[in-house]
Amino acid sequence: MIISKATGRALDSGGANGAEAYMHPQPMPHNNFHLWNLQKVGDSYMIISKATGRALDSGGANGEKVYMHPQPMSHNNFHLWKLI
């Protein structure tokens with residue numbers, strides 16, 4: 001699960017029938033919409049929903065919003081995330 005340190009909410013991939021990511025108020029470890037696979041790509045990661053197989057994409061609303069892209073693409077920088 002990916003949980004916000006500030007709010008304690010879980011990143012959820014189930015918004016708008018799997019097309020949107022949002023912060024769920026209660027983390028549920030048995031809810032696949034709250035579970036993620038990290039796929040290493042060079043020095044970055046793709047974050048892929050276990051429930052939908054969609055990639056977390058940072059390119060929505062000119063980079064201001066995240067959404068769930070139906071096709072994970074390791075060559076698309078909007079699908080790549082750095083862990084620090």
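These legends accompany close-up views of a predicted model. Local features need pLDDT of at least 70, side-chain atom pairs count only at pLDDT 80 or more, and totals for chains, interfaces and linings use all residues. Residues are numbered from 1 along each chain as its sequence is written, and side-chain values use heavy atoms, without hydrogens or water.

**View 1. The hairpin of S3 and S4.** Strand S3 spans 36-41 and strand S4 spans 44-49 (strands are DSSP runs of E, at least two residues, numbered from the N terminus). The two strands run antiparallel and are joined by six bridges (strands pair if DSSP finds at least two bridges between them). Val-41 has Ser-44 in S4 as its bridge partner. Two residues lie between the strands, and Gly-42 takes a positive phi near 60°.

**View 2. The salt bridge of Asp-43 and Lys-82.** The N to O distance is 3.2 Å (a salt bridge is a side-chain nitrogen of Lys or Arg within 4 Å of a carboxyl oxygen of Asp or Glu). By this rule, the count is one. Asp-43 sits in the loop between S3 and S4, Lys-82 in the segment after S6, 39 residues apart. Asp-43 is exposed at 54% relative accessibility; Lys-82 is exposed at 57% (exposed means over 50% relative accessible area, buried under 20%, partly exposed in between, with a 1.4 Å probe and protein chains only). Side chains of opposite charge can pair when their charged atoms come close.

**View 3. Asn-76 and the backbone of Phe-78.** Asn-76 lies in the segment after strand S6 (65-69). Its relative accessible area is 18%, so Asn-76 counts as buried. A polar atom of the Asn-76 side chain lies 2.9 Å from the backbone nitrogen of Phe-78.

Definitions and conventions: Helix = DSSP H or I, 4+ residues; strand = E, 2+ residues; numbered from the N terminus. Polar contact = N/O pair within 3.5 Å; in protein donor to acceptor, adjacent residues only side chain to side chain.
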